[in-house]
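The structure is shown first.

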Amino acid sequence: MKIVATRFAPSPTGPLHIGGVRTALFNWLYSKNKGGKFYLRIEDTDKERSKEEFKNQIINSLKWIGINYEDIEYIQSDKIDEHINVANELLKKGLAYKCYCSNAEIEEQKKRAKQKKIPYIYNRKWRDMSENDAPKEFNPVIRFKSKIDGKSILNDLVQGTVEIENNTIEDFVILRADGSPTYNLSASVDDHLMSMTHIIRGDDHKINTFKQIQIYEAMNWKVPSFAHIPLIHTIEGKKLSKRDNASTLDDYSKIGIMPDALRNYLLRLGWSFKDKEIFDLDESIRYFNLEGIGKSPSKLDVSRIYSMNEYYIKNIDENDLFNQLKTYCETFKEAIPDLAQIKIKNSLHFLKNKAKTLEDIYKNSKFLLNDDVKIKKEDKKLLDETAIKIIKLFIDDINKLSDFTRETLEPIINNIITNNKTNFKGVGQPLRICLTGSKFGPGIYDILCALGKDEVTKRLSQIR
RNA sequence: GGUCCCUUCGUCUAUCGGUUAGGACACAUGGUUUUCAUCCAUGAAAGAGGGGUUCGAUUCCCCUAGGGACCGCCA
């Protein structure tokens, strides 16, 4: 039994978006589930548009979400010579041919087809023409001699049996006029060279698959299994593209979405395992299969990403959460000062209760991060005479306290409430504003205890 | 226009001929929490339409409608 090998083969012509990440995830999970290998191959044969920065973005995205690939980094352009050799071999075998049609000629045919409203397909003009008739002025392209009669059948692992009439597939170009290989050639040669057993990719590749299978067969190579997964659609129902906003992993990491949460979300988008919603990493690998992939495209729902992230915030180990928060703050906000680290770590149990993202936790913990409290004008109005009076009473009361805990603070606040004929809000709100600079935030006892007696006294004393 | 694919609550989905069509997110209401949120409970919410096959169809088949992908010397 051959070991399962899958790959993710993006082209570095734009940032990797969330749909591509899901394709990578499915490939990775499938191979891990089978105890196989997973590779990354950078398809950079479009020299014009391929950029180093995109390649790095792709690699960083995979790293961030935890998809690790085999060490060997495949760069498609390294193998161009081998692609060309295969083209020449096909030529020699009579399974490919030189086509001397000019661009203008092809364009003209396309235009005519459009006018007549008939589908354009290259007319195979040079398929059987002699090279003696070839014009000398320009270089030919090499076209693959595609099957004309009958139909081809693809036993797709997701889509089932897909049939297509062979005459709808044209004699596609495998070598350009400048001698460089095209996608369908390069991809099949590379997949063969890399011994891929399963090719899992977006179903926008389905037609390519019929072309590529023909190359495999022409070369007498073993044809891998194919699985075409439905694309992810935008909320408008269109194919997700690089231009859509909130589509790269960076867009999510910068708002404080955690990799595991996004991985879990992406896994459940278009794939299911009974009613199970939460899959930790091990479970993802253990349960992943191709049978669970649905056939219809699914829409990206950001609110589910948030709620998944919220679930992870509330349920993962707090040390883990803290480390992720620390990295997040360093990267996107401000580094957490050493002194504040322990305070925040100890306060995580309540800070995270109000958070859907790491950014929310950061905002909730701002009052611990720096000690100068800025009070907004509108909030300042709430600090009227009675409020100030209550704060002063509170300072006096806690002064006597040796123990600064919820248990000792509760009676103090309750006393102030009764003595001043007010309610909890009447005490809690001014305290909160003075201590944190905000009307909203963690519970008042949580704030008090997290800051400690000295800091509370200090902050409250500045108010007048 | 041609080829191929898809169609269950708003969204992601469960159901492998017999269910009061289930769950999750979002939404609404109520409760807990002496703010906000969390949490808990409850509720509203779906088989595109039409034909078959069958004792019985969401499930199998066909047609229609709607949606999508592809149709490059891009990948």
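Helices (H or I, at least four residues) and strands (E, at least two) are DSSP runs, numbered from the N terminus.

## Basis of the model

This is a predicted model, in which local features need pLDDT of at least 70 and side-chain atom pairs count only at pLDDT 80 or more, while totals for chains, interfaces and linings use all residues. Residues are numbered from 1 along each chain as its sequence is written, chains are lettered from A and ligands numbered from 1 in the order in which they are written, and side-chain values use heavy atoms, with hydrogens and water left out.

## Loops and strands around E9 and E10

Ser-195 lies in the loop that runs between helix H5 (183-193) and E9. Its phi is positive, about 55°, although Ser-195 is not a glycine. Asn-220 is found in the loop between helix H6 (206-219) and E10, and it also is not a glycine but has a positive phi of about 60°. Most residues other than glycine have a negative phi. On accessibility, buried means under 20% relative accessible area, exposed over 50%, and partly exposed in between (1.4 Å probe, protein chains only). Ser-195, with a relative accessible area of 34%, is therefore partly exposed; Asn-220, at 71%, counts as exposed.

The strands E9 and E10 pair in the parallel sense over 5 bridges; two strands pair if DSSP finds at least two bridges between them. Gly-202 stands opposite Ile-229 in E10. Strand E10 (residues 225-229) is mostly covered, with 4 of its 5 residues buried.

## The largest pocket

Pockets and cavities are found on a 1 Å grid over the protein atoms alone: a cavity is a set of points where a 1.4 Å probe fits but cannot get out, and a pocket is an open set with protein on both sides within 12 Å along at least five of seven lines; lining residues have an atom within 4 Å of a point. Grid points are joined across faces, edges and corners, and a volume is the space filled by probe spheres set on the points.

The largest pocket holds about 1100 Å³ of space. It is lined by 41 residues, of which Pro-10, Ser-11, Asp-204, His-205 and Lys-242 are the closest to its centre. Strand E1 (5-8), helix H1 (18-33) and strand E9 (198-202) each give at least two residues to this lining, and H1 has the largest share, with 5 residues. By type, the lining of the largest pocket divides into 14 nonpolar, 15 polar and 12 charged residues. Here Ala, Val, Leu, Ile, Met, Phe, Trp, Tyr, Cys and Pro count as nonpolar, Asp, Glu, Lys and Arg as charged, and the others, Gly among them, as polar.

Helix H1 also contains Gly-19. Gly-19 has a relative accessible area of 11% and so is buried. The C-alpha atoms of Gly-19 and Ile-58 are separated by 12 Å, with the two residues 39 apart along the chain.

The largest cavity is lined by Met-258, Asp-260, Ala-261, Tyr-312, Ile-316, Asp-320 and Gln-324. Helix H8 (259-268) and helix H11 (318-332) each supply at least two residues of its lining.

## Aromatic pairs

Rings of Phe, Tyr and Trp (its six-membered ring) pair if their centres lie within 6.5 Å; planes under 30 degrees apart count as stacked, over 60 as edge-to-face and the rest as tilted. The structure holds 12 aromatic pairs. In one of them, the ring centres of Phe-279 and Tyr-287 are 6.3 Å apart and the planes stand at 75°, so this pair is edge-to-face. Phe-279 counts as buried, at 0% relative accessibility, whereas Tyr-287 is partly exposed at 25%.
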